[in-house]
Amino acid sequence: MDQFIVTPLFGDDAVHWYTPTNVTLWMALTVFAVAGLLIYTTRGRAIVPSRGQSMAELSYGFIYKMVEDVAGRDAVRFFPYIMTLFMFILFANLLGLIPWAFTTTSHIAVTAVMALAVFLTVTLLGFILHGAGFLRLFWISSAPLPLRPVLALIEVISYFVRPVSHSIRLAGAMMAGHAVAKVFAGFAGALGVGAVIPIVAVTALYGLELLVAVIQAYVFTILTCVYLKDALHPHH
Amino acid sequence: MEGDIVTMGAYLGAGLACLGMGGAAIGVGHVAGNYLAGALRNPSAAPGQTAFLFIGIAFAEALGIFSFLVALLLMFAV
C-alpha cells in the first residue's frame, strides 16, 4: 500500500542511509510536536496552568506514576528515557493518523530500533548492577528443583523473544489499523450510493484507531518499565 | 492458472498462521473479562490494577503477534 512506502523527499533517487525521506520528515515533525507540548506550552511556568501546560503536566505525572508503580522507586532515574519513548511513540502514532501523513511507527525498522535499545539497556544494566547474579532471573528458585532447567530454558527463550514482540506489537497494530481503514475506504469507492455505510465505518474505525494509538504507546512504555524492573530486581 | 505451488503454499500458510490470532483474541478477552469481573466485585481496588491489565493483555497479545510475524514472513520473505 502506497501509504507505507518510503520515498525520498527530493528527486527519485534510490534511498540511502543519508537520504532525507518522508520518514525523516515525519520523525522531525514528531520531535517538534513533542517539544511544542513539553517546552513551548510550559515556558510560562504558570501556577494556574494553561490548557497546553496542563496537558504537559498531566502526561508527565502519568508516566512518572507509572514508572514508580511498575518499576519501583529506584527506577525513577530512568524516567527521562521512558518519558522520551512514550511521548515520541504517542506523537508518532497520532501524527500518523492525519490523512496523507506517514506513520513512522508502522515500520518494523523504526520500532525495532527502539525495542533493541530498550533490550540492550536493560540487559547491560542488569549485568552492571548484579554481575553474574543477573542470570538468577532465569533460575527460578521457588520452583521444584527438577523443573528448574526446563523453566530456565523457557525463560531464556522468552527473554530473547522480548525485543521481537515488543517491536512487532507496535508496528503491527499501527500497520493493521491503517490497512483496515484503507480497505473500508476502498469499499466506499466501489459501492456508489451505498458508500454511506463504509464511510460511517471508517469514521468509527478512526475513533478506534485514536484509542489504539494511545494504548500502544502506553503498552510499549509499560513493558519497558516491566523489563526495567527485571533488570533492577532479578530475584523472583 | 498461473503462479507455482510454492507461492500457493506460502499464501495458504500465511492464511493458516492467522488462525493463531484467534487464540490471542481468546486470551486477551479472558484477561479483560476477568479484570472486569474482579473490578465489579471490588471497584475500589480496580484503578490500582489497570497496569496489570495492560501487562497481561500485552503478554497474551505477544503470542498472536508471532502468528502475524509468521504470516508476514511467508508473504514477503519466503
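Predicted model: local features only at pLDDT ≥ 70, side-chain atom pairs only at ≥ 80, totals over all residues.
Chain B contains three helices and zero strands, and its elements follow the order α-α-α along the sequence. The radius of gyration of chain B is 18 Å, whereas the globule rule gives 12 Å for 78 residues; the value is well over that figure, so chain B is more spread out than a compact globule. The C-alpha trace of chain B spans about 60 × 20 × 10 Å along its principal axes. Of the 78 residues in chain B, 13% count as buried. Among contacts in chain B with a separation of 6 or more, 87% are between residues 24 or more positions apart.

The packing between the two chains was examined for one pair of helices. Two packed helices are described by the angle between their axes and the distance between the axes.

On the chain A side, the contact involves Tyr218(A), Val219(A), Ile222(A), Leu223(A) and Val226(A) of α6(A). These residues meet Ala51(B), Phe54(B), Ile55(B) and Ala58(B) of α3(B). By class, nine nonpolar residues make up the contact of α6(A) with α3(B), with no polar and no charged residues.

Terms used. Residues numbered from 1 in each chain as written. Chains lettered and ligands numbered in written order. Helix = DSSP H or I, 4+ residues; strand = E, 2+ residues; numbered from the N terminus. Rg over C-alpha atoms; globule rule 2.2 N^0.38 Å. Buried ≥ 20, exposed ≤ 12 C-beta atoms within 10 Å, placed from the backbone. Contact = placed C-beta atoms within 7 Å. Nonpolar A, V, L, I, M, F, W, Y, C, P; charged D, E, K, R; others polar.
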